[in-house]
Amino acid sequence: MSPTSPSAAARTTSEARARLLGTATKIFYAEGIHSVGIDRITAEARVTRATLYRHFTGKEDLVLAYLGQADQGIRGQVAAAVGSTPSAVGQVRAVARSIVDGIRSPGFRGCAFLNAVAEYPDPAHPVHQAVLAHRQWFLDTVTELLARAGDDGVPVGAAGRHLVMLRDGAMAAGCLFDPELVSETFLHGVEGVLREVSPAAPEEG
């Protein structure tokens, strides 16, 4: 097949976009968003500015793509955790363990979404809106999981918010303090949330 064929061109285009997004993801997460300029990203991705603007309308579009990729990664992580056990209580615990796996991982620097929203405080900004959408999905998801795990008739709205706040605290503390201690404390807190919705829930182990 000729290197100038449509398929080869599409592959080259896809590879350039992937390099740009991969580079931006690495730097945005490690160093923050506002501190990183387009020139730094194009240099490390080994592409020209023109190539970047063929794939993204500008830095904001690249930031939104970064958050979109993070959102999809977390959705996949949660889906894998939920699919790992048929037990409703076990699914909540599996999601919690997937969170501490991230906290314990090399290079952990907190929650990409909490980090981003700190740099985009305007509620009307598209980046802020993307963060809110992701967080609403996560709240809805864990609340539904707790409803499955809970006793009939027990309201779970407050428990869902409690779990999200525990997760937020663990993600913030996990890059400041001993990640093992933070993980242990978070998992203990999740057990407390499970007891809120199902006092008779079997102990883990």
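Axes here are lines fitted to C-alpha atoms, for helices over the stretch in contact, and angles between N-to-C directions run from 0 to 180 degrees. The model in these figures is predicted: local features need pLDDT of at least 70 and side-chain atom pairs count only at pLDDT 80 or more, whereas totals for chains, interfaces and linings use all residues. Residues are numbered from 1 along each chain as its sequence is written, and side-chain values use heavy atoms, with hydrogens and water left out.

**Figure 1. The whole chain, for orientation.** The protein chain has nine helices and zero strands; helices (H or I, at least four residues) and strands (E, at least two) are DSSP runs, numbered from the N terminus. Read from the N terminus on, the order of elements is α-α-α-α-α-α-α-α-α. The C-alpha trace spans about 65 × 40 × 35 Å along its principal axes. Of the 205 residues in the protein chain, 44% are buried, where buried means under 20% relative accessible area, exposed over 50%, and partly exposed in between (1.4 Å probe, protein chains only). Contact, here and below, means heavy atoms within 4.5 Å. Among contacts between residues at least 6 apart in sequence, 66% join residues at least 24 apart.

**Figure 2. Helix α6 against helix α7.** Two packed helices are described by the angle between their axes and the distance between the axes. Helix α6 (residues 112–119) packs on helix α7 (residues 126–149) at an angle of about 150°, and their axes are 9 Å apart. That angle makes α6 roughly antiparallel to α7; the convention is under 35 degrees for roughly parallel, over 145 for roughly antiparallel, 65 to 115 for roughly perpendicular and oblique for the rest. The crossing of α6 past α7 is left-handed, a label used if the near helix is turned anticlockwise from the far one by less than a right angle, with right-handed used if clockwise. From α6, the residues making the contact are F113, L114, A116 and V117, and they meet V127, H128, V131, H134 and R135 of α7. Sorted by class, this contact has six nonpolar, two polar and one charged residues. For these classes, Ala, Val, Leu, Ile, Met, Phe, Trp, Tyr, Cys and Pro count as nonpolar, Asp, Glu, Lys and Arg as charged, and the others, Gly among them, as polar.

**Figure 3. Helix α5 against helix α7.** Here the axes of helix α5 (residues 88–103) and α7 come within 7 Å and cross at roughly 145°. Helix α5 passes α7 in a left-handed crossing. On the α5 side, A88, V89, Q91, V92, V95 and I99 take part, while α7 supplies F138, L145, L146, R148 and A149. By class, the contact of α5 with α7 holds nine nonpolar, one polar and one charged residues.

**Figure 4. A buried arginine, R167.** You will find R167 in helix α8 (residues 157–173). With 8% relative accessibility, R167 counts as buried. Leaving aside neighbours within four places in sequence, R167 is in contact with I99, C111, L114, R135, F138 and F186.

**Figure 5. The cysteines C111 and C175.** A disulfide is a pair of cysteine sulfur atoms within 2.5 Å, and by this rule the count is zero. The cysteine sulfur closest to that of C111 belongs to C175, and at 10 Å it is too far for a bond. C111 is buried, with a relative accessible area of 3%, whereas C175 counts as partly exposed at 37% relative accessibility.

**Figure 6. V156, between α7 and α8.** V156 sits in the loop between α7 and α8 and counts as buried at 13% relative accessibility. Although 41 residues separate V156 and V197 in sequence, they are 6.5 Å apart in space, C-alpha to C-alpha. Not counting residues up to four places away in sequence, V156 touches T143, L146, A147 and V197.

Figure 7. R46 belongs to the loop between α2 (38–45) and α3. Its phi is near 60°, a positive value in a residue other than glycine, and R46 is exposed, with a relative accessible area of 62%. T51 lies in helix α3 (residues 49–55) and is buried, at a relative accessible area of 12%. T51 and R17 are 34 residues apart in sequence and 8.4 Å apart in space, C-alpha to C-alpha. Setting aside residues up to four places away in sequence, T51 touches A16 and L20.
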